[in-house]
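Dear colleague,

Please find the structure for your review placed directly below.

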Amino acid sequence: MEILLHEWGSAFLRWFHVIAAMAWIGASFFFMHLDAGLKPHPDIPAGKGGAAWHVHGGGFYEMKKYLVAPASLPPELVWHKWQSYMTWVSGFVLLGWIYYAQSSLYLIDPTVRALSPWAAATIGIGSLLAGWIVYDRLCKSPLGDNETLLALVGFGFVVAMSWFYTQVFSGRGALIHTGALMATVMSGNVAMIIIPNQRKVVAALLAGQAPDPKYGKQAKQRSVHNNYLTLPVVFLMISNHYPLTQTSAIVPVLVALLTFSGAIIRHFFNHWHADHTKAPWWYWGAAVIALALAIWLSWQAAPGRNALLEAERRVASAPANAAVHAEATEIVISRCSMCHAQSPVWEGIITPPKGVRLESGGDLIRESRAIALQSVLTRAMPPNNITELSDAERAKLALFVAAEMRNSR
Ligand code: HEC
């Protein structure tokens with residue numbers, strides 16, 4: 001019963017989290033687009049805002065932006081904040097639900113550090129809080145006046161934190177925590193700076209006073225940071241499905257490359273929305289080079305790369321025989337089938353994870369590509385090597401998958 005609740009709880013939480021994030025990021029993209037495309041409007045003094053016409057859902061929208069006090073401000077303003085708060089809250093609960101409640105499967109890698117579940121969760125949560133404090137201080141320090149330098153230091157800070165996470169967590173846990181840290185910064189910006197500052201501005205306007213421009217400036221700075229963090233964060237959130245990204249040694253470099261690519265692609269769109277004719281297409285070139293480098297690195301650093309290449313050479317000179325298949329089946333039955341069976345016997349697992357069954361020779365043939373990726377090329381399975389699959393056994397699995405790949409050609 002508890003397992004059923006845990007499983008469905010996870011599904012509903014994830015559902016909610018993705019919806020909240022879509023609402024938040026969707027609105028944020030829309031406003032960035034709107035901002036970039038504003039044209040002068042006779043009602044608004046030059047340089048103090050502008051207007052844009054949008055067509056959507058069979059209607060026409062005239063959107064105006066006022067940087068200074070409009071002639072009158074209606075009392076009922078629409079605030080955009082709950083999407084952000086709900087994304088963070090659901091994301092935080094999900095992190096606990098998956099990574100802290102099942103930390104031996106996902107977060108704690110004893111070869112990195114044999115943490116207790118409580119210690120792992122404390123480090124995780126503490127680092128998110130500490131990360132926000134450091135980032136917020138950096139923005140409020142004199143460094144905050146220099147946008148470029150602040151961006152570079154912020155970038156360095158994120159990469160350094162991802163390195164720190166690889167020193168305490170599994171590769172997968174390191175990536176998700178780096179994403180959670182960036183997302184905490186984004187939500188913190190909305191909750192602690194953007195919305196409170198906006199409230200002060202509105203209060204001043206309603207009282208007929210001129211608001212202090214510093215509030216708007218601070219909010220804009222944080223909003224720009226959020227904009228550039230969006231794409232990297234989304235990648236980090238889905239990285240847990242891609243074991244090639246999870247080799248601890250390259251996590252900080254991947255975080256750097258992906259943050260760079262995501263930010264520069266966003267930058268391209270900010271220009272594109274302002275003026276299509278002046279869009280800097282070379283930004284795409286830079287992003288593609290960084291992503292290609294990430295792919296190359298993931299292959300170079302894959303722990304089982306040499307074993308797989310060696311197995312491919314061996315089966316090319318001497319085709320594998322039935323004994324290779326039988327041996328691989330035996331290994332998988334003893335190291336994987338406690339979880340990957342029609343009726344798993346591993347505590348806490350009631351259905352074969354991701355529908356992957358590994359109980360017979362036929363199952364192995366069907367799943368050979370997945371085994372190559374999850375257990376030969378990378379060490380994603382068994383999770384944190386919980387059933388102690390040895391290197392010699394991985395080499396035997398390599399021989400089997402290399403033979404299968406050759407057969408299927
Ligand atoms: C302790 C339980 C356990 C053991 C042992 C285990 N797995 Fe898994 N396996 C899981 C879980 C849990 C998932 C789902 C992971 C997730 O949600 O990302 C999974 C997912 C998978 C997937 C699907 C990955 C995907 O994202 O599509 C494959 C393939 C796989 N395991 C292969 C193996 C192989 C091969 C072995 C043995 C060498 C093995 N597993 C051992 C628990 C286990």
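This is a predicted model: local features need pLDDT of at least 70, side-chain atom pairs count only at pLDDT 80 or more; totals for chains, interfaces and linings use all residues.

Overall architecture

The chain has 409 residues, of which 43% count as buried. Its secondary structure comes to 14 helices and two strands. Along the principal axes, the C-alpha trace spans about 85 × 50 × 50 Å. Three domains divide the chain: domain 1 (2-35 + 80-278), domain 2 (37-68) and domain 3 (305-407). Between the C-alpha centres of domain 2 and domain 3 there is a distance of 59 Å.

The shell around the ligand

There are 23 residues around the ligand, and those that come nearest are R172, C336, C339, H340 and M381.

For K354, the corresponding distance to a ligand oxygen atom is 3.4 Å. For H340, a side-chain N or O atom is 2.7 Å from a nitrogen atom of the ligand. As to secondary structure, the elements that give two or more residues to the shell are α3 (103-106) and α13 (368-377). The largest contribution comes from α13, with four residues.

The iron site

Which residues coordinate the iron atom of the ligand? They are H340, through NE2, and M381, through SD, at 2.0 to 2.3 Å. The arrangement is octahedral because the six donor atoms around the iron atom subtend angles of 87 to 178°. H340 is located in the loop between α11 (322-335) and α12 (361-366), while M381 is located in the loop between α13 and α14 (391-407); the pair therefore ties together parts that are 41 residues apart in sequence.

Are these two residues buried or exposed? H340 has a relative accessible area of 11% and is therefore buried, the cut-off for this class being under 20%. M381, at 26% relative accessibility, counts as partly exposed.

R266 is found in helix α8, which covers residues 251-274. Its relative accessibility is 5%, so R266 counts as buried. R266 and P232 are separated by 34 residues in sequence, and their C-alpha atoms are 9.9 Å apart in space.

The other residue, N226, lies in helix α7, which covers residues 213-238. N226 has a relative accessible area of 8% and is therefore buried. The side chain of N226 makes a polar contact with the side chain of N189, at 3.0 Å.

With kind regards

Note on methods: Residues are numbered from 1 along each chain as its sequence is written. Side-chain values use heavy atoms; hydrogens and water are left out. A residue is near a molecule or strand if one of its heavy atoms lies within 4 Å of it. A polar contact is a pair of N or O atoms within 3.5 Å; within protein, one must be able to donate a hydrogen and the other to accept it, and residues adjacent in sequence count only if both atoms are side-chain atoms. Donors are N, O and S atoms within 2.8 Å of the metal (3.2 Å for Na, K and Ca); water is not among the atoms, so sites may look incomplete. Four donors count as tetrahedral if all angles lie between 85 and 135 degrees; four count as square planar and six as octahedral if opposite donors are over 155 degrees apart and all others between 65 and 115; anything else is irregular. Buried means under 20% relative accessible area, exposed over 50%, partly exposed in between (1.4 Å probe, protein chains only). Domain bounds come from an automatic or database domain assignment.
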